[in-house]
Protein chains: 2
Amino acid sequence: MVQKSCTEAGGRPRGRPRSFDPDTALDRAVEVFWRLGFEAADTDALASAMGLTKPSVYAAFGNKEQLYLKALQRYGQRGRAEITALLEAAPSMRAGINAVFNHMAERVSGQHGGSGCLLTCVAAQSAHSMLPVREILEAGIAARDKAFTEFLRSGIARGELPAGFPVERRASLMNDLLSGLALRARAGASLEELREIGASATEAILAGA
Amino acid sequence: MVQKSCTEAGGRPRGRPRSFDPDTALDRAVEVFWRLGFEAADTDALASAMGLTKPSVYAAFGNKEQLYLKALQRYGQRGRAEITALLEAAPSMRAGINAVFNHMAERVSGQHGGSGCLLTCVAAQSAHSMLPVREILEAGIAARDKAFTEFLRSGIARGELPAGFPVERRASLMNDLLSGLALRARAGASLEELREIGASATEAILAGA
DNA sequence: GGAAATTTATACTCGATGGTACAAAAATCT
DNA sequence: AGATTTTTGTACCATCGAGTATAAATTTCC
């Protein structure tokens, strides 16, 4: 044996090298699914938007469903990372929550990709027929609940929130208000309206603080 | 001329009479779209669920898209009527809001039709590619905003809420929390969890009252 | 340089699906 | 009763879209 000399770092994997970066291709796929949804996004359009041919897509991602799942996961991970970063950088509770709402208002307003949220407005539909989608969605919601809960808890620790502050409830409240934000955006709400929503959402989340 | 003798009440409309009730057939279509979404609901499945043949569906409703639009409208109207009834019958602000959340928790939990909300979880996706869907969704959101606003206003009039209570903001808050409720249901949340959400939502909406 | 391996591109297959033609059935009008 | 009108059901069509066969291209290994 001892035939492969390059499975480790450095050396290329043997045959003709890929002419594209899978992650940036996946980002393009995200945008298409975001706009059209799973079924309406046909594989020709996906491949073309990704800048490659159908066989390349199938070789790299398996099939349409797997591509969809990977797109959802990538979108979800990126969103969570952004939120975490915003919350960690926030100088106060109010600033952090406001930053998240403003950020999501932009992301959801249709400037960057489709309008609305890929998970809230698109994955939600397929959650019923594709079990893995439901799981991704469930996990995404739980992760946000957790992130917000921890953030609010840190507010108690910092003395910015009273000891008895209902962190879990307000965290889930915040999560649900973001869903509403996404839906309104998909229905055509302007960035201004979304910012307004964010402002009163912040008030409600911090009520009693 | 003067050929038609029955366009008015009473007399049947001339040819072979329909063997089905369009409204109950539409209700069946609602359930199918609710579960599967627009594209995944194929016309054979729709016709069969509606208890009739494809040509009958097309004769009665036009085509798949029109059937979908009518289903969305019917679903929306029914939902609004239910909410209005609950609010009008409520003895207090808290009771009314709680009733709406409990009602929606049930409706959305998957017992009656698909899980989640047909508008929030299904129409949202097609809102991007089918303009009329976006309009129906937008109108539905606005109608709920208005209903909740009027309800809260009546609370001020009754002296149950302080004069300066931010009715519009809380109304839109309530609306968005219902979207979140629907999404969680579609993601698999149990009826218990949904009720919990409803309880803390009620608190948040009435905060400061 | 040649063999092996892997990606790319063109062109194709084949099943599913939205929609319909056509004839039989069931009603009204005269 | 017969003409007319509309619905019903079967069977069909045409298109679209997911996935692939195949051969050329590009790389590493020996």
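These legends go with a set of close-up views of a predicted model.

Local features are described where pLDDT is at least 70, side-chain atom pairs count only at pLDDT 80 or more, and totals for chains, interfaces and linings use all residues. Residues are numbered from 1 along each chain as its sequence is written, chains are lettered from A in the order in which they are written, and side-chain values use heavy atoms, leaving out hydrogens and water.

**View 1. Helix α1 of chain B and its cover.** Helices here are DSSP runs (H or I, at least four residues), numbered from the N terminus. α1(B) takes in residues 22–36 and reaches 21 Å from its first C-alpha to its last, close to the 21 Å expected; that expected span is 1.5 Å times one less than the number of residues. Look for B:Leu26, B:Phe33 and B:Trp34 among its buried residues. Buried means under 20% relative accessible area, exposed means over 50%, and partly exposed is in between (1.4 Å probe, protein chains only). The cover over the buried residues includes α4 and α8 of chain B.

**View 2. Helix α4 of chain A, from its start.** A side-chain oxygen of A:Asn63 gets to within 3.3 Å of the backbone nitrogen of A:Glu65. Buried residues of α4(A) include A:Tyr68, A:Tyr75 and A:Ile83, and among the helices covering the buried residues are α1 and α7 of chain A.

**View 3. A buried arginine, B:Arg107.** This residue sits in helix α5 of chain B and counts as buried because its relative accessibility is 9%. Its side chain makes a 3.2 Å polar contact with that of B:Glu82. A polar contact is a pair of N or O atoms within 3.5 Å; within protein, one must be able to donate a hydrogen and the other to accept it, and residues adjacent in sequence count only if both atoms are side-chain atoms. Leaving aside neighbours within four places in sequence, B:Arg107 also has contacts (heavy atoms within 4.5 Å) that include B:Trp34 and B:His112.

**View 4. A salt bridge between A:Arg74 and A:Asp23.** A salt bridge puts a side-chain nitrogen of Lys or Arg within 4 Å of a carboxyl oxygen of Asp or Glu. Here the closest N and O atoms are 3.6 Å apart. The pair links distant parts of the chain, with A:Arg74 in α4 and A:Asp23 in α1, 51 residues apart.

View 5. A:Glu138 and A:Arg134 meet at 2.9 Å, N to O. They lie 4 residues apart, about one turn of the helix.

Note on methods
Helix = DSSP H or I, 4+ residues; strand = E, 2+ residues; numbered from the N terminus.
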